[in-house]
Amino acid sequence: MPDITIESTPDDRWRVSHLGRLMGLALRRFDERVLNLMAHDANVPLALSNLAAREQIGAAHIHITRHLGLQGSRLTELAQSAGISKQAMGDLVTQCEAWGLVQREPDVRDARARLIVFTDTGLLWLEAFRQAVAQAEAEFRAQVGDDVATVVALGLEAYGSELPGARAAVPPR
């Protein structure tokens, strides 16, 4: 084992101030704000609003909202797009199915496969999500300024575009 010398008072501020941690904190704050807005949205079905208000719906459930195609997606596609395991996505889909957000339908392209699709309630949820994201983004812009917000968005888009499938997910500006 190599001999490692540690200073008596090491400067370990980097552990709480590095870019990855800051992005993670920002994402957590953003997702929490979006869920809070959705919990108080009159257009969200009451049962879902109550689940969001009681923090039963969390950031993990937002994966489905963010990644499920409007025409539906196969479970494997959904899991890959969200960057989580097929099993974890299957559990989320099952919960969202119980809440009436999504349903499984036969895939007309492959009789062996199933598509996950939004229900009418799920589409209401999706619209509430769109509005909450727009408001949270507006709040971010108001807090940091338009110029900084634009630079952050462009930088994150460029940095994140290196992930497989990311370029297809980012609409042109």
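This is a predicted model: local features need pLDDT of at least 70, side-chain atom pairs count only at pLDDT 80 or more; totals for chains, interfaces and linings use all residues.

1. Leu156 counts as partly exposed, because its relative accessibility is 44% and that class lies between the limits of under 20% for buried and over 50% for exposed. The residue belongs to helix H8, which covers residues 146-160.

2. As to the overall make-up, the protein has nine helices and two strands, and from the N terminus on its elements follow the order α-α-α-α-α-α-β-β-α-α-α. Of its 173 residues, 29% count as buried. When contacts with a separation of 6 or more are considered, 50% of them are accounted for by residues 24 or more positions apart.

3. How do the axes of helices H2 and H7 cross? Helix H2 (residues 19-39) and helix H7 (residues 120-144) have axes that come within 9 Å and cross at roughly 130°, which means that H2 is oblique to H7. The crossing of these two helices is right-handed. On the side of H2 the contact is made by Arg29, Phe30, Arg33, Val34, Leu37 and Met38, while the residues that H7 contributes include Trp125, Phe129, Val133, Glu137 and Gln143. Sorted by class, the contact of H2 with H7 holds ten nonpolar, two polar and four charged residues.

4. A further helix pair is formed by H5 (residues 75-82) and H6 (residues 86-98), whose axes come within 9 Å and cross at roughly 110°. H5 is therefore roughly perpendicular to H6. Here Leu75, Thr76, Leu78, Ala79 and Ala82 of H5 meet Lys86, Met89, Gly90 and Val93 of H6, and the residues of this contact divide into six nonpolar, two polar and one charged.

5. The strands deserve a separate remark. Strand E1 (residues 102-107) pairs with strand E2 (residues 110-118) in the antiparallel sense, over six bridges. The two are joined by a hairpin through two residues, and Asp107 stands opposite Asp110 in E2.

Terms used:
Residues are numbered from 1 along each chain as its sequence is written. Side-chain values use heavy atoms; hydrogens and water are left out. Axes are lines fitted to C-alpha atoms, for helices over the stretch in contact, and angles run from 0 to 180 degrees between N-to-C directions. Helices (H or I, at least four residues) and strands (E, at least two) are DSSP runs, numbered from the N terminus. Angles under 35 degrees count as roughly parallel, over 145 as roughly antiparallel, 65 to 115 as roughly perpendicular and the rest as oblique. Contact means heavy atoms within 4.5 Å. Ala, Val, Leu, Ile, Met, Phe, Trp, Tyr, Cys and Pro count as nonpolar, Asp, Glu, Lys and Arg as charged, and the others, Gly among them, as polar. A crossing is left-handed if the near helix is turned anticlockwise from the far one by less than a right angle, and right-handed if clockwise. Two strands pair if DSSP finds at least two bridges between them. Buried means under 20% relative accessible area, exposed over 50%, partly exposed in between (1.4 Å probe, protein chains only).
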